[in-house]
Amino acid sequence: MKVLVTGAAGFLGRTVATYLKEQGHHVVGFDLKDPGIDGLTMQIGDLTDLDQVSAAVEGHDAVCHIGAIGDVYLAGEDPGLAAAVNVLGTANVAEAAVRHGARVVYASTWEVYGEPRYQPIDEDHPCAPDHPYNITKLAGESLLLSAARLRGLETVALRLGTAYGPGLRPNSVFRIFIDRARRGEPITIQGDGSQGRQFTHSRDIARAFDLALRSDVSGVALNTVATRTVTIRELAEKVVERFPTELTFGPPRPGDVPPATVSAARIADVLGWEAQIPFEDGLADLIDHELAGD
Ligand SMILES: NC(=O)c1ccc[n+]([C@@H]2O[C@H](COP(=O)([O-])OP(=O)(O)OC[C@H]3O[C@@H](n4cnc5c(N)ncnc54)[C@H](O)[C@@H]3O)[C@@H](O)[C@H]2O)c1
């Protein structure tokens with residue numbers, strides 16, 4: 001398929017673009033900047049500009065819409081920017097895809113649910129986001145799903161688990177722990193460390209995008225999370241096993257979403273996807289990439 005990957009200069013966009021190329025798709029990236037990935041053609045443009053988005057989407061069978069203000073802390077500091085990119089930008093992708101008959105697979109997030117009312121959270125759980133990041137991500141998702149109902153857009157929203165893998169943003173807990181431990185500095189856990197996350201490897205996420213592209217399922221949102229929960233304390237302890245250093249505890253980080261268990265049963269049923277990369281292997285691989293300076 002001819003696939004446009006928005007956000008291809010970012011952590012997940014780059015992983016998805018690379019994976020899709022390996023699977024034989026013809027891939028073009030779209031972002032504000034060129035990440036300089038070998039063999040990846042880039043279209044430089046801004047999601048908030050409909051003309052630029054429409055010109056980029058033209059000629060493609062599908063769009064993996066991954067470009068966004070994906071940094072929760074930046075979205076909290078600048079809700080206007082998050083709204084412009086995540087809401088208007090996604091409306092532009094929907095419009096361009098309708099015009100050019102392209103299918104859209106959207107990088108949504110498990111954080112759209114807000115406070116859990118029951119667990120494990122399945123896709124029928126109400127969405128009550130409470131932060132500029134998850135509010136704007138849900139708005140983008142809703143715009144795409146409404147275009148499926150009203151305008152015949154083919155689209156799937158993947159509600160991704162907290163992702164990890166090579167190329168992660170510098171302010172992710174993985175990078176912070178690994179960087180400090182490597183230098184022999186203490187690792188500080190914010191909160192008591194019991195908060196768990198279904199950390200999902202970026203290559204597993206990339207495989208979900210590929211399956212969603214090839215499927216004819218449309219108009220649905222699917223939780224795309226690894227089933228295993230790992231606590232922040234376990235993560236810190238595994239990093240310390242590799243680079244022995246002291247573990248300390250500090251106050252919780254404002255904006256952190258409380259833990260919740262999310263069900264991945266529906267995506268297994270609908271797309272045949274489940275996470276395959278064991279956490280220990282994914283973490284060891286990430287540390288190796290960090291040591292190699294990737
Ligand atoms: N990383 C995670 O744990 C995670 C979890 C769930 C969902 N997601 C979603 O996945 C997507 C990617 O996340 P990420 O961690 O790779 O983020 P990232 O910040 O690494 O990448 C986002 C990319 O979008 C690009 N971008 C921002 N504004 C743009 C604009 N106006 N026009 C064009 N491109 C623009 C950025 O330049 C960047 O390359 C986001 O939509 C995020 O909400 C991420």
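Two ground rules before we start. Residues are numbered from 1 along each chain, as its sequence is written. Because the model is predicted, local features need pLDDT of at least 70, side-chain atom pairs count only at pLDDT 80 or more, and totals for chains, interfaces and linings use all residues.

Let's start with the sheet. Helices (H or I, at least four residues) and strands (E, at least two) are DSSP runs, numbered from the N terminus. Two strands pair if DSSP finds at least two bridges between them. What is the strand order of the open sheet? It has seven strands, in the order 3-2-1-4-5-6-11, and the pairing is parallel. Strand 3 and strand 11 (220-224) are the edge strands, each pairing on one side only. From one strand to the next, the twist averages 25°. A general point: strands of a sheet pair through backbone hydrogen bonds, either parallel or antiparallel.

Now go pair by pair. Strand 1 and strand 2 share five bridges, in the parallel sense. There, valine 5 stands opposite glycine 29 in strand 2. Strand 4 and strand 5 are parallel too, over four bridges. Alanine 62 stands opposite arginine 103 in strand 5. Strand 5 also runs parallel to strand 6, joined by six bridges. Serine 108 has arginine 159 of strand 6 as its bridge partner.

In strand 5, seven of its seven residues are buried. Arg103, Val105, Ala107 and Thr109 point one way, while Val104, Tyr106 and Ser108 point the other way. In strand 11, four of its five residues are buried.

Next, helix 2, residues 50-57. Val53, Ala56 and Val57 are buried here. What covers them includes strand 1 (2-6), strand 2 (26-31), strand 3 (41-44), strand 4 (62-65) and helix 4 (79-100). Contact here means that two C-beta atoms, placed from the backbone, lie within 7 Å. Just after helix 2, glycine 59 takes a positive phi of about 90°.

Another backbone detail. Which two residues does a cis peptide bond join? They are glutamine 119 and proline 120, with omega about -5°. Proline 120 sits in the loop between strand 5 and helix 5 (132-151). For background, most residues other than glycine have a negative phi, and most peptide bonds are trans.

Now move along the chain to helix 8, residues 232-242. Its buried residues are Ile232, Leu235, Ala236 and Val239. They fall within an arc of 95° seen down the axis of helix 8, so they line one face of the helix. They pack against helix 6, strand 8, strand 12 (230-231) and strand 13 (247-250).

Strand 8 runs parallel to strand 13, joined by four bridges. Isoleucine 187 stands opposite leucine 247 in strand 13.

Look at glycine 184, in the loop between helix 6 (173-182) and strand 8 (187-190). Glycine 184 counts as exposed because it has 10 C-beta neighbours inside 10 Å. Glycine 184 and threonine 245 are 61 residues apart in sequence, yet their C-alpha atoms are 5.6 Å apart.

Last, the ligand. A residue is near it if its C-beta atom, placed from the backbone, lies within 6 Å. Of the 25 residues around the ligand, Gly7, Gly10, Leu12, Ala68 and Gly70 come nearest. Which element gives the most to this shell? Helix 1 does, with three residues. Helix 1 (11-22), helix 4 and strand 5 (103-109) each supply at least two.

Definitions and conventions
A residue is buried if 20 or more other C-beta atoms lie within 10 Å of its own, exposed if 12 or fewer, and partly exposed in between; C-beta atoms are placed from the backbone. Axes are lines fitted to C-alpha atoms, for helices over the stretch in contact, and angles run from 0 to 180 degrees between N-to-C directions. The arc is that of the directions from the helix axis to the C-beta atoms.
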